[in-house]
Amino acid sequence: MMEQPHSCCKGAEVLLNLQPTSSVSIQYHPFFGPHDDLVLLELDEKLLSDVLYQRVTLRGQPDEDAVLCTKSKTYSVKFVGTSNSVFLIPPADCSTSHESGGENYKQQVATASVIKVAPGNMELVEVAPRLDKLKSILSENLYSSDEASTAMGDLYKWDDLINKVQASDDELKAGLQALSAVEIDGYWRIVDEKYMDVILRMLLHNSVLNDWLLDSLVEDKVVSVLESDGFPRKLVYHCLNVYGSSVEEEAMGGGVWRLDARRVCVHFARGVLREGKRKMESFMEEWLRMIPEEMQPSFDMLEGEVLTEKIGVETWVRALSVSSLPTTPAERFSILFKERAKWEWKDLEPYIRDLNVPGLSSEALLLKYTRRSQPSIDAEPVFSAR
């Protein structure tokens, strides 16, 4: 009588080597169960090496949806269910064979052991970094001129920020730069705008006293003079970086800086409007009086920083800086349409230009969040809330 074939417990290797039109038997693994610690992750091939070589991190607090970050990008992590049964089969852990029918006849049946049935997999979708939280936590404790050696309140080092903010390292660095944050004694800080105003004014005052050209400021001289005026060296460098750019290195050491006209002009415009809206004539008079003679201010420089409105025969100017708005499109458009019920494109565009939503263009954002109307063929299009 012929003996029944003997089952040989094999693992994933059986399936990897399975030929077309072939089949394999399956059975429950001795440790079959829900195994909630085993999750399938679907990956784009461009992410595979980052995951395999552990160059990714999961970021988020317990009350937040987790994101996966590479060095330069952020991905949402979503569970996607499937109607098909997906079997998880571990590597082989046993192998046996059974002989029958004589010395040269062997009969063996390969069987794959299923350790879990997966109901779906995790899917990654590239998203914009969630940087509003970065601005929020750093704004709680601004660095000011009267700050003592030990600041009150929470302070954050780099490791604290990567644990709290859902963004990749590169996106976080870009976010810190956009906020004009500076690392002081190991902690990342936003310097109070009033303190920055004092440093900038002193720099401009010294440029007049010492005949410095604003497009060729010698770093060592600027730092030395402002340090003697009582400003920390770190803050002097920060002022040069915020309001200017390095143009060359001096042969004898140190660098040469050029103040950026737009950044300086925007800074003083914010100062004029800090107390509220102003009539156009009054605003322009005070603003122009503050600008260094070497710079040529233009109202166009204030695109994305101020709004104008007609009240009777008067034109008024008020502050609305794009940097103060949320980075998420829904919140951004909500605030903009509270400011104005209807926007012309030339006014709206500066306030949405920086919105970063992977896979969505500016046109797609407008379709999603606005209604477009055009009273006549020759008229400029007008956008209102959808």
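The briefing below goes through strands, helix packing and aromatic rings in turn.

This is a predicted model, in which local features need pLDDT of at least 70 and side-chain atom pairs count only at pLDDT 80 or more, while totals for chains, interfaces and linings use all residues. Residues are numbered from 1 along each chain as its sequence is written, and side-chain values use heavy atoms, with hydrogens and water left out. Helices (H or I, at least four residues) and strands (E, at least two) are DSSP runs numbered from the N terminus.

**Strands**

- Strands of a sheet pair through backbone hydrogen bonds, either parallel or antiparallel.
- Strand S10 (residues 181-184) pairs with strand S11 (residues 187-190) in the antiparallel sense over four bridges, where pairing requires that DSSP finds at least two bridges between two strands.
- Valine 182 has arginine 189 of S11 opposite it, and in this hairpin, with two residues between the strands, aspartate 185 takes a positive phi near 55°.
- Three strands form an open sheet in the order S12-S14-S13, with antiparallel pairing; strand S12 (217-218) and strand S13 (244-249) stand at its edges with a single partner strand each, so one side of each has no neighbour in the sheet.
- S12 is joined by two bridges to strand S14 (residues 255-259), the two running antiparallel, and leucine 217 stands opposite tryptophan 257 in S14.

**Helix packing**

- H6 and H8 pack at an angle of about 85° with their axes 10 Å apart, the axes being lines fitted to C-alpha atoms, for helices over the stretch in contact, and the angles running from 0 to 180 degrees between N-to-C directions.
- H6 and H8 are therefore roughly perpendicular to each other (angles under 35 degrees count as roughly parallel, over 145 as roughly antiparallel, 65 to 115 as roughly perpendicular and the rest as oblique).
- In the contact (heavy atoms within 4.5 Å), Tyr195, Met196, Ile199, Leu200 and Leu203 in H6 meet Leu235, His238, Cys239, Leu240, Val242 and Tyr243 in H8.
- Helix H9 (residues 261-272) packs against helix H10 (residues 280-290) at an angle of about 135°, with the axes 9 Å apart, which makes H9 oblique to H10.

**Aromatic rings**

- The whole structure holds nine aromatic pairs, meaning rings of Phe, Tyr and Trp (its six-membered ring) with centres within 6.5 Å, where planes under 30 degrees apart count as stacked, over 60 as edge-to-face and the rest as tilted.
- One of these pairs, tyrosine 195 with phenylalanine 231, is tilted, at 6.4 Å centre to centre and 35° between the planes.
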